[in-house]
Amino acid sequence: MTRQQQTLGFRSDTEPKFHLYHGDCVAGMRRLEAESIDVVVTSPPYNLGITYGVHDDNQNRIEYLKWTVEWASEVKRLLKPGGSFFLNVGAVPANPMMPHEIILILRDLFTLQNTFHWIKSISIRTRKGETISAGHFKPLNSKRFLTDCHEFIFHLTKNGSTPLDRLAIGVPYADKSNIRRWSHTKGVDKRCRGNTWFIPYETIRSSKDERPHPATFPVELPLNCVRLHGNVSSAVVMDPFLGIGHSALAAREAGVSEFIGFELDRTYIDQAALSLSLPLTEIKTF
Ligand SMILES: C[S@@+](CC[C@H](N)C(=O)[O-])C[C@H]1O[C@@H](n2cnc3c(N)ncnc32)[C@H](O)[C@@H]1O
């Protein structure tokens, strides 16, 4: 069993209805009914020069931000009033402002309800004074910059008051005496995880064979988001930038009701269908 499978935990028996669409997400989202989606979890192209199959990740900065507003406006139209939009974005040292520019430009559309940090690798000093490291990182050879070990997950909502199921992704107390000391625990050994999420990538031997996409998030990331939003069994979840389908795998793992995914690149969406064991005829092109 892989680490990812071990940490995913309980898997629901009910299979979501999957709708996989090959094509541009803006055109695709325009065909969907307003206020029909509970959770959007996605990682768009960051415009940081990543080599994708079809998408050009080197757009003019202003055009890129305009396009961000265009697709995010569709997300807003589709989101139910109490819905959650989890937006994962990272940066590179050459363009450190991009996540901040994105979140600032979305200010007029959404309220920033929470900011999570996806920690890919961390080194901590234990109580015994030993320094231990966990996770994976791409080493950066630089005299100016440190190796980049985190990305943002912005939790955007329509008015900042979407209730969350915090304990759905809760963690056990390190100090068990807190369970009795604090009445809000109601005797349960689970506390809020907080907004730093340590989610390492799975170790792979060959990125060409085992990661057929240059910029994926681990399944655990969208799974945390979907579970945190809550009301999972009735939830309709969407990812406008599906890639090879990690959010769809998370939707299945969580046991949501329906999942909708859009992807521009046929090779990536075929891989998503393959990972979900769905026939390629399930992919609709528009
Ligand atoms: C950062 S990747 C998402 C990876 C995904 N989270 C995963 O784990 O596999 C962004 C994806 O958006 C796709 N894309 C770019 N423009 C698009 C568009 N207009 N409509 C749909 N997909 C698009 C790219 O082909 C790329 O696969």
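Start by selecting Gly255: this residue follows helix H8 and has a positive phi, near 85°. Helices here are DSSP runs of H or I with at least four residues, strands are E runs of at least two, and both are numbered from the N terminus. You're looking at a predicted model, where local features need pLDDT of at least 70, side-chain atom pairs count only at pLDDT 80 or more, and totals for chains, interfaces and linings use all residues. Residues are numbered from 1 along each chain as its sequence is written.

Now step back into H8 itself. Eight of its nine residues are buried (20 or more other C-beta atoms within 10 Å of their own, with C-beta atoms placed from the backbone), so H8 is largely enclosed by the rest of the structure. Colour His246, Ser247, Ala248, Ala250, Ala251, Arg252, Glu253 and Ala254 to see the buried set.

For the contact (C-beta atoms, placed from the backbone, within 7 Å), show Pro222, Leu223, Val226 and Arg227 of H7 with His246, Ser247, Ala250, Ala251, Glu253 and Ala254 of H8.

Finally, zoom out to the whole protein: nine helices and eleven strands. The C-alpha trace spans about 55 × 50 × 40 Å along its principal axes, and 30% of the 286 residues count as buried.

Definitions and conventions:
Contact = placed C-beta atoms within 7 Å. Buried ≥ 20, exposed ≤ 12 C-beta atoms within 10 Å, placed from the backbone.
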